[in-house]
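User: I would like to go through this model with you, one topic at a time. Could you take my questions as they come?

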Amino acid sequence: QGLNTLISDFYLYNDTLFAFAPFFGSIYYSNDKGYNWNFYVSGLPQYLLKFFEVEGKLCFYIYSQIAWMDFENQKVVELDNEGLEGNEITSVNEFGKTVWVSTLSGMFKKDVTDFFSKKETTSSKPLTGLIKRHNSN
């Protein structure tokens, strides 16, 4: 079963191909090089999403929000983005002990040891998603 929708980003992570469909706000995955696709997360904002890795963990950003996919607990964890609010992210890269975030407003950096700090849930627009399931094989 193929994906019959607009895909804004693909990413290969641990032999699993991930894809984001912005029209549905959904992440799909394929364990067979894209021949068959399964629903993974739905309910994300309908905006362009970009996957990346930090310390070997699959992460993504949407607009000014950053999250990582916690496969062990099957949830999307929104990360603290203090200072990034309202600054559209254009890339995130890990270099040494620093994570660099470029935005349309400039560059930001964060120590890699602090990168996975969870965002406080008092946000007026929390990043949420419903994980369906994921087979790591």
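This is a predicted model: local features need pLDDT of at least 70, side-chain atom pairs count only at pLDDT 80 or more; totals for chains, interfaces and linings use all residues.

User: Is Tyr63 buried, partly exposed or exposed?

Analyst: Tyr63 has a relative accessible area of 33%, so Tyr63 counts as partly exposed, the class between 20% and 50%.

User: Which residues form a nonpolar patch on the surface with Tyr63?

Analyst: Tyr63 forms the patch with Tyr47 and Leu48. Together the three residues have about 290 Å² of accessible area.

User: And the accessible surface of the protein chain, what does that come to?

Analyst: The value is about 7900 Å². Carbon and sulfur atoms account for 49% of that surface.

User: Changing topic: how many helices and strands are there?

Analyst: The protein chain has zero helices and twelve strands. Of its 137 residues, 42% are buried.

User: What share of the contacts joins residues at least 24 apart?

Analyst: The share is 43%, taken among contacts between residues at least 6 apart in sequence.

User: Now the rings. How many aromatic pairs does the structure hold?

Analyst: The structure holds 17 aromatic pairs. One of them joins Phe18 and Phe51 in a tilted arrangement, 6.3 Å centre to centre with 50° between the planes. That pair links distant parts of the chain: Phe18 belongs to strand β2 (residues 16-21) and Phe51 to strand β5 (residues 49-54), 33 residues apart.

User: Why do Phe18 and Phe51 count as buried?

Analyst: Phe18 counts as buried because its relative accessibility is 0%, under the 20% cut-off. Phe51 has 3% relative accessibility and therefore also falls under that cut-off.

User: What about Trp68 and Phe116, how are they arranged?

Analyst: Trp68 and Phe116 form an edge-to-face pair, with 5.6 Å between centres and 80° between the planes. Trp68 lies in strand β7, while Phe116 lies in the loop between β11 (106-111) and β12 (130-131), 48 residues apart. Both residues are buried.

User: Where does Lys57 lie relative to Trp68?

Analyst: Lys57 lies over the face of Trp68, 4.7 Å from the ring centre. The charged end of Lys57 also sits over the ring of Phe116, at 4.4 Å from its centre.

User: Back to Phe18: which cluster do ring pairs link it into?

Analyst: Ring pairs link Phe18 into a cluster with Tyr11, Tyr13, Tyr29, Tyr40, Phe51, Phe60 and Phe71.

Key
Residues are numbered from 1 along each chain as its sequence is written. Side-chain values use heavy atoms; hydrogens and water are left out. Helices (H or I, at least four residues) and strands (E, at least two) are DSSP runs, numbered from the N terminus. Buried means under 20% relative accessible area, exposed over 50%, partly exposed in between (1.4 Å probe, protein chains only). Contact means heavy atoms within 4.5 Å. Accessible areas come from the Shrake-Rupley method with a 1.4 Å probe; for residues, only the protein chains shown count as cover. Patches are made of residues with over 30% relative accessible area and no salt bridge: like charges are joined within 9 Å, nonpolar side chains (Val, Leu, Ile, Met, Phe, Trp, Tyr) within 5 Å. A salt bridge is a side-chain nitrogen of Lys or Arg within 4 Å of a carboxyl oxygen of Asp or Glu. Rings of Phe, Tyr and Trp (its six-membered ring) pair if their centres lie within 6.5 Å; planes under 30 degrees apart count as stacked, over 60 as edge-to-face and the rest as tilted. A charge sits over a ring if NZ of Lys or CZ of Arg is within 6 Å of the ring centre and within 35 degrees of the ring normal.
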